[in-house]
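The following exercises are to be worked with the sequence and the model at hand. Each task is followed by a solution in steps.

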Amino acid sequence: MATSAFFFIFVAVKNIWIILFVAWAGISVAQATPVTEPPVTVTGGPEFTLNPNPVTGSYFYVNLMFSEAEYPNAVIMINDVLGKAVYVQSIKSADFAAGKVRISTVDAMIQNGVYFVQVKSGDNTRTLKLAIR
């Protein structure tokens, strides 16, 4: 009498989870079913970049790649890895004119670690990861 065993293997490849079902009864059978997971960055929101990233000094820039007319009342939010907002700053007309916002790590009171920087305007949001060293 043959014994049987069943188990699942979960593998992530480029933001797609693959579930392998394996049955063992002298031979093995594998079947893959892709399951997608939501992206960290929401597309369609205000475009921006961060530099330097990782931050090794006392400040960094949020480079704005959108206009005030496209995303009025935009704000910059910095969240810790638990999702708690640790810093919020409105983007002013002068910031749009300069095309960037300088953020001091001292003024924002952020320590070494990983954070998520969001630029929000209404229902539009884009998120990038930021490392402070």
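Contact means heavy atoms within 4.5 Å. The model is predicted.

**Exercise 1.** Determine which residues Ser90 touches, leaving out residues up to four places away in sequence.

*Solution.* Step 1: locate Ser90, which belongs to strand S7 (residues 85–90). Step 2: apply the contact criterion, which gives Ala74, Val75 and Asp95. Step 3: consider the pair Ser90 and Ala74, whose C-alpha atoms lie 6.3 Å apart although 16 residues separate them in sequence.

**Exercise 2.** Classify Ser90 and Gln118 as buried, partly exposed or exposed.

*Solution.* Step 1: recall that buried means under 20% relative accessible area and exposed over 50%, with partly exposed in between. Step 2: Ser90 has a relative accessibility of 46% and is therefore partly exposed. Step 3: Gln118 has a relative accessible area of 15%, so Gln118 is buried.

**Exercise 3.** Identify the side chains that form polar contacts with the side chain of Gln118.

*Solution.* Step 1: find Gln118 in strand S9 (residues 113–121). Step 2: list its contacts beyond four places in sequence, among them Asn79, Arg126 and Thr127. Step 3: select the polar pairs; the side chain of Asn79 is joined to that of Gln118 at 3.2 Å, and the side chain of Thr127 at 3.3 Å.

**Exercise 4.** Describe the surroundings of Val62 in the largest nonpolar core.

*Solution.* Step 1: this core has 23 residues, and Val62 is among those with the most contacts inside it, together with Phe60, Ile91 and Ile103. Step 2: strands S4, S5, S6, S8, S9 and S10 each supply at least two of its residues. Step 3: the residues that Val62 touches include Phe48, Leu50, Ile76, Ile103 and Val119.

How values were computed: Residues numbered from 1 in each chain as written. Predicted model: local features only at pLDDT ≥ 70, side-chain atom pairs only at ≥ 80, totals over all residues. Heavy atoms only, no water. Helix = DSSP H or I, 4+ residues; strand = E, 2+ residues; numbered from the N terminus. Buried < 20%, exposed > 50% of the residue type's maximum accessible area, 1.4 Å probe, protein only. Polar contact = N/O pair within 3.5 Å; in protein donor to acceptor, adjacent residues only side chain to side chain. Core = buried A, V, L, I, M, F, W, Y, C linked by side-chain atoms within 4.5 Å.
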